[in-house]
Amino acid sequence: MGAWGPGLFSDDTACDVRDEYREMLEDGLDDHEATRRILDSYAEVLGDPDEATSIWLPLAVTQSKLGRLDATIRDRAIAVIDSSADLARWSDNPRLAAKRRDVLEKVRAQLAGPQPQRKKVRRPRRHVTDLQPGDVLSYRAANGSLVLLRVARVDDDRHSVAPVLVALDFTGSRMPPQPDLDGLADQPETPFRLDGRQLPSWAFASWRVAVNNRVNYDDAGLERAGSTIARPGDPTFDTRTYTTWQLLQRGLERNLADMPTTPEP
């Protein structure tokens with residue numbers, strides 16, 4: 001649990017409350033049941049007067065924005081604001097305390113004022129990839145170089161079923177035969193740098209790729225070119241880069257721009 005600023009949702013718990021409540025509605029729970037589950041889930045936090053503000057306020061504001069403000073939640077949130085207990089957390093920093101006071105005043109006005117019409121809450125559109133672990137994608141850059149990316153894993157969450165790709169350590173312009181393909185190592189990544197030095201090409205060699213604006217891998221110039229064997233650690237492979245197919249394409253072009261091509265027989 002932690003707050004990184006005076007904003008209402010500059011707080012880990014507040015963000016969790018907002019997101020979990022909304023997801024329950026997206027999953028079809030009615031207002032009362034979603035509210036009950038939030039209060040049950042955070043009962044321990046609600047028992048701490050110094051932390052309860054991170055539940056009552058974000059829950060009330062989220063309900064208000066959706067036109068679903070429960071009277072009991074509204075009253076508890078306004079009582080928290082009027083008690084000034086929340087401001088005690090900012091007493092050691094007058095500048096942030098003043099900003100927090102402004103936030104609370106706006107929240108109180110929102111909760112006490114006229115409420116918007118009830119809004120429908122639909123589950124977000126969920127893109128499901130047709131790629132499978134072991135698939136190999138190829139991309140031919142403008143200079144003729146070919147890059148090969150293998151699907152190490154497919155992540156499945158409420159928003160998407162997305163592939164985790166790893167670049168293979170390959171230089172050439174033609175697809176290698178299957179035995180050579182299976183023997184290719186993964187492209188090594190550059191460790192994080194904190195000294196400001198420019199990262200080289202292939203600093204990032206793995207990606208979790210999501211569809212954006214309906215642009216899929218084939219729209220971005222990649223094609224399914226074959227398959228390869230699984231590698232140790234694939235089920236738990238942890239990539240540090242989240243991207244889209246459009247951005248991946250641009251990154252591959254940058255990585256390959258200065259790479260010389262060797263004519264192959």
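Helix H4 passes helix H5 in a left-handed crossing. You are looking at a predicted model, so read each value that follows as something computed from it. H5 covers residues 71-83, and the axes of H4 and H5 lie 9 Å apart at an angle of about 130°. Angles of 65 to 115 degrees count as roughly perpendicular and those over 145 as roughly antiparallel, with this part of the range between them called oblique. H4 and H5 are therefore oblique to each other.

Which residues make this contact? From H4 come Thr53, Trp56, Leu57, Leu59, Ala60 and Gln63, while H5 brings Ile73, Arg76, Ala77, Val80 and Ile81. Sorted by class, the contact of H4 with H5 has eight nonpolar residues, two polar ones and one charged one.

Now stay with H4 and turn to another partner. H4 spans residues 53-65 and also packs with helix H6, residues 94-112. Two packed helices are described by the angle between their axes and the distance between the axes. For H4 and H6, the angle is about 45° and the axes are 10 Å apart. This pair is therefore oblique as well: H4 and H6 fall into that class. Their crossing is left-handed.

On the H4 side, the contact with H6 is made by Thr53, Leu57, Ala60, Val61, Ser64 and Lys65. Facing them from H6 are Arg100, Leu104, Val107, Gln110 and Leu111. The residues of the contact of H4 with H6 divide into six nonpolar, three polar and two charged. If you compare the two lists, you will find Thr53, Leu57 and Ala60 of H4 in the contact with H5 and again in the contact with H6.

Next, move to the pair formed by H1 and H2. Helix H1 takes in residues 12-26 and helix H2 residues 31-41. Their axes come within 9 Å and cross at roughly 145°. Is this crossing left-handed or right-handed? H1 passes H2 in a right-handed crossing. Val17, Glu20, Tyr21, Met24 and Leu25 in H1 meet Asp31, Ala34, Thr35, Arg37, Ile38 and Ser41 in H2. By class, the residues of the contact of H1 with H2 are six nonpolar, two polar and three charged.

Finally, let us look at some rings. A pair of aromatic rings is described by the distance of the centres and the angle of the planes. In this model, the count comes to one aromatic pair. A ring can also have a charge over it: the charged end of arginine 18 sits over the ring of phenylalanine 9, 4.7 Å from the ring's centre.

Key:
Residues numbered from 1 in each chain as written. Predicted model: local features only at pLDDT ≥ 70, side-chain atom pairs only at ≥ 80, totals over all residues. Heavy atoms only, no water. Phe/Tyr/Trp six-rings, centres within 6.5 Å; stacked < 30°, edge-to-face > 60°. Lys NZ or Arg CZ within 6 Å of the ring centre and 35° of its normal. Axes fitted to C-alpha atoms, helices over the stretch in contact; angles between N-to-C directions. Helix = DSSP H or I, 4+ residues; strand = E, 2+ residues; numbered from the N terminus. Parallel < 35°, antiparallel > 145°, perpendicular 65-115°, else oblique. Left-handed = near helix turned anticlockwise from the far one by under 90°. Contact = heavy atoms within 4.5 Å. Nonpolar A, V, L, I, M, F, W, Y, C, P; charged D, E, K, R; others polar.
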